[in-house]
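This report is intended for a reader who is meeting this structure for the first time. Please keep the sequence and the model in view while reading.

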Amino acid sequence: MLMVPRPPLPPNIPAAAKRSCRRQTFLSPPKAPTAKNSRRRRCQIFLPPPKIPAAAAAKNSRRRRCRHGLLPAPPDVTPFTARQHTAPIGCPAPYGGSVSVFRAGMLQGAAMAAMALPVAEWQARTARLWAALDPALRERLAAASLHDAVRLGCDLLRSEEEEEAALVRLCHRARTDKEPEAASWYREQGNREFKRGQYRAALRLYSKAASHELPGSPEVSVCFANRSAALLHLGHFEVCLEDIARAESHGYPDRLLPKVLLRKAECLLCLERLQEAQDILRVLESKIALDGIMTTHLTRLKKLTQMKVKLGKKERCPEPAQKAHGGIQGEPEIWEENNRISGASSSLSLRFDAERGRHLVASQDIVPGQSLVKEEAFVSVLCPGESLPLQDSDTAWDTRATNADLYCHRCLRQLLASVPCQGCSYAKYCSQGCADTAWQQYHRTECSLGALLLTLGVFCHVALRTVLLAGFAEVSRLVAWSHRGDKNLQNPEARCKPLSDAGAGGRGIPGCGSNGRYQSSYQALFHLLPHTEQHSPEHKFLCTLSVVAVCKQLQAAGLEAAVLNQESPQQWSKPKTSEKTSDELSPELKTVAEAMLRHVLQLQCNAQAITVMQELGPGDGAVVDKKPVRLATAFFPVLSLLNHSCCPNTSVSFHGTAATVRASQPISSGQEVLHCYGPHCCRMRVAERQQLLSQYFFECHCQACLEELEPGAKSVVSIRNSFCCPKCQAQMQGEEDTLWCSNEACAASASRDHLSGCLQDLQQQIKKALDLLGVGKADQAIKMLLKCQMDAGTFLSPEHLLMGEMEDHLAQVYATLGKWQEAARHLKKSIEIVEMHHGPSSVETGHELFKLAQILFNGFAVSEALSTIQRAERILSVHFGPQSAQIQELQEMKACLSQLPRNILQRT
């Protein structure tokens, strides 16, 4: 993604408009960046910044670099800001991005699906064990209920000591214990990066150091103090103060306190908290005087004098209070909650029938953009994710950052200064409050199992956390009910009623309470289908052994009382010892294992994957690359009621662990509300979609699939992404190895393999062009991309997605060079192709228009920028709501442009 710099405003702009625009944080270098330094240049604020940011500005100081511009992807590009999307595990996130991003998402989807399961070595061992079993036993396991599968699994794992030993060895790879040596090494590496001015890298390394320090160690205070220094340099004054407080509370050495107090006073000064800053300076003066040896404090005395001068100036000439620019607010959304479905709009009704199962239908006409579901995840688990390099070095400890370092393990908020778990080096939180809540609800049980849970995969982890959050009493009640084979918890004699008999109250619908209300609860989650009979016997065997291994470890670690909610709060922090001498699981833990097995099997069809746009690299250059990353796996009982369609009528977005479903098109009363599980008719042919959807154990019969399956029907994706005749540029056609020109007058032919080879070569050339851009050779990148365009025109349809991709890349390069008109020209061509594939009101078109608005804003094309902003705002508000970050940014740009003098507006 490219951060688009903002050019200077004309000299005759009024002061009010300057102040308003300054708050927009659109940044610009003094001159257009050259190809050589465009990826590394730090943008400067296009108006002279105040000497010290005001409190309001300081609060948002992290946003003072522009995060705008073009993704290195086309044409239906993902959002620029860190918007989150959801997709079931194994599929790319719906509405997540363009062809190149989407294909990357497909590969990543496969990788993340693998991460959801145990590591490959454990899968291979269980596969060999399965193959070696007696055929009769394999048959018993294949037909076993969840209850019987757990008991057979317990017997097998008890007799296979070699398998347990192998699992222990595999767990040694996942290092989650605290290592003081690692803490010291990370702190040294952080100091090295700090001296080099790489404050972001230093920040992450200090956080890693803090996570490895033992509880009560005085060294952890040094980690927090060092991290506060990096935060000060990055302008995060409030968070810096929090870290200083942590350092003081953890016993920061008294001899080092003066420099921390200076840092504290500087933060308070920047935040306009003058009285507090003055008090700290007095304390500091007293301390330096008491120390006696003045020569050791010469530098600090000099800084102290400078601080007192700054403080005096501020007291004499306080900065005028600036009007808060956060006042630009969209229209508040009208929301009336459904009294029968928690978190759902009153415009929805819950229905059930044998063909579609539980599903949601509109009880009244719904307009685009209307919120339909607002639900907090019942459970979510952060995916470890891929590592992002912090620095280049071969070391004993990993210096790279993963999702575990970048996001809160409870609320998924992006981390700046993490609060480490007191028991392990893996779990990190955004605040002490989140850390305490996680410990109380589940982490006191999970903490010592970290390595095992990382080895057995995210699905096992979600299953365990689900049981812990539900509580053993509720788990055992529902597991006992399932043994009776009934379909209704409150009435054992009842059976699921068809739609006509379910009634408005929904009392016969699985998962509803005795009052007929469907809640985002464990009871609703428990009723999600595990599809026990549809899973392959080998997969069910792998899952069974994995959950049994977790429960055996719980018993061996003395955690059974914690799982069964039999511990008092005073026992939470005490070391656990097992009282069991037998390898046999207790009946209670067998119940836990059975519930976990059910949830692991449910997750294949009902897991929701939360994804976020994540920066690659340090993120402190003028060009910032981003890619979609699968952030967490979650259960959403209400969201799971939505059935799939390859042409859905809703959009789903995420903020932390909360999901919001909005109508993306008009939905008539009585029409089903549908959600895309990943395979979309605008991105894939019907055969590809059906293959991907097979993991959900159903065959899609949505309108898009039925139309494409008609005899003689051709996929829109196939037509638009077709080859064209090298001679006359007409569309090539044919289903065999040889393709023929559709122009009868031409009748040329070409080998499908030859044309496919040309396409692969073209994609390689595009990649090389982007690599050139990555090393600052923008001029060469332009030449190569223009040649790629010419070559593509000889064998690809003009509306092929790759043609739009190249236009998008050219726009990116020209924007990097500050050539806004050229960038806009190419981006408009990309938008034409996006609209052709996805429609003028699609989220993909909205994202492209958002980029175009930024390009036009920076190019000072005021009238066109305003019209583009209006169109982008109209589309994106439908998919993300009027309060979303993108809408707020568009409104800020519009406000800045609207305050320009009339004579400038007339000229532009």
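## Helix 32 and helix 34

Helix 32 and helix 34 cross in a left-handed manner. In this predicted model, helix 32 covers residues 843-858 and helix 34 covers residues 885-898. Their axes come within 11 Å and cross at roughly 30 degrees. Angles under 35 degrees count as roughly parallel, and helix 32 and helix 34 are therefore roughly parallel to each other.

On the side of helix 32, the contact is formed by His 847, Phe 850, Ala 853, Gln 854 and Phe 857. Helix 34 contributes Gln 886, Glu 889, Leu 890, Met 893, Cys 896 and Leu 897. Sorted by class, the contact of helix 32 with helix 34 holds seven nonpolar, three polar and one charged residues.

## Helix 30 and helix 31

Another packed pair consists of helix 30 (residues 801-816) and helix 31 (residues 820-838), whose axes come within 8 Å and cross at roughly 155 degrees. How are these two helices oriented to each other? Angles over 145 degrees count as roughly antiparallel, and helix 30 and helix 31 are therefore roughly antiparallel. The crossing of helix 30 with helix 31 is left-handed.

Helix 30 takes part in the contact through Leu 801, Met 803, Gly 804, Glu 807, Asp 808, Leu 810, Ala 811, Tyr 814 and Ala 815. The residues of the contact between helix 30 and helix 31 comprise ten nonpolar, four polar and four charged.

## Helix 22 and helix 24

Helix 22 (residues 537-556) packs with helix 24 (residues 587-606) at an angle of about 140 degrees, and their axes are 9 Å apart. Helix 22 and helix 24 are therefore oblique to each other. Their crossing is right-handed.

Helix 22 supplies His 539, Lys 540, Cys 543, Thr 544, Val 547, Val 550, Cys 551 and Gln 555 to the contact. Helix 24 supplies Leu 589, Val 592, Ala 593, Met 596, Leu 597, Val 600, Leu 601 and Gln 604. By class, the residues of this contact are eleven nonpolar, four polar and one charged.

In soluble globular proteins, nonpolar side chains tend to be buried together. Here the largest nonpolar core has 86 residues, and those with the most contacts inside it are Val 550 and Met 596. Helix 22 provides the largest share of this core, with ten residues. A second, separate core has 61 residues, among them Leu 739, Ile 766, Ala 778 and Ile 869.

Leaving aside residues up to four places away in sequence, Val 550 touches Leu 449, Leu 452, Leu 453, Leu 456, Leu 464 and Met 596. Val 550 and Met 596 also belong to the contact of helix 22 with helix 24.

## Selected residues

Thr 445 is located in helix 16 (residues 432-446). Is Thr 445 buried or exposed? With 2% relative accessibility, Thr 445 counts as buried. Not counting residues up to four places away in sequence, Thr 445 touches Leu 468, Leu 554, Leu 559, Ala 562 and Val 563.

Leu 412 is placed in the loop between helix 15 (403-406) and strand 8 (419-420), and at 3% relative accessibility Leu 412 counts as buried. Phe 697 lies in the loop between helix 25 (686-693) and helix 26 (703-708); at 27% relative accessibility, Phe 697 counts as partly exposed.

## The protein as a whole

The secondary structure of the protein amounts to 35 helices and 18 strands. The protein has 908 residues, of which 57% count as buried. Among contacts between residues at least 6 apart in sequence, 68% join residues at least 24 apart.

Asp 155 illustrates a pairing across the sequence. Asp 155 and Val 548 are 393 residues apart in sequence, while their C-alpha atoms are 9.9 Å apart in space. Asp 155 is situated in helix 6 (residues 146-159) and is partly exposed, with a relative accessible area of 38%.

Notes. Residues are numbered from 1 along each chain as its sequence is written. This is a predicted model: local features need pLDDT of at least 70, side-chain atom pairs count only at pLDDT 80 or more; totals for chains, interfaces and linings use all residues. Side-chain values use heavy atoms; hydrogens and water are left out. Axes are lines fitted to C-alpha atoms, for helices over the stretch in contact, and angles run from 0 to 180 degrees between N-to-C directions. Helices (H or I, at least four residues) and strands (E, at least two) are DSSP runs, numbered from the N terminus. Angles under 35 degrees count as roughly parallel, over 145 as roughly antiparallel, 65 to 115 as roughly perpendicular and the rest as oblique. A crossing is left-handed if the near helix is turned anticlockwise from the far one by less than a right angle, and right-handed if clockwise. Contact means heavy atoms within 4.5 Å. Ala, Val, Leu, Ile, Met, Phe, Trp, Tyr, Cys and Pro count as nonpolar, Asp, Glu, Lys and Arg as charged, and the others, Gly among them, as polar. Buried means under 20% relative accessible area, exposed over 50%, partly exposed in between (1.4 Å probe, protein chains only). A nonpolar core is a set of buried Ala, Val, Leu, Ile, Met, Phe, Trp, Tyr and Cys residues joined through side-chain atoms within 4.5 Å.
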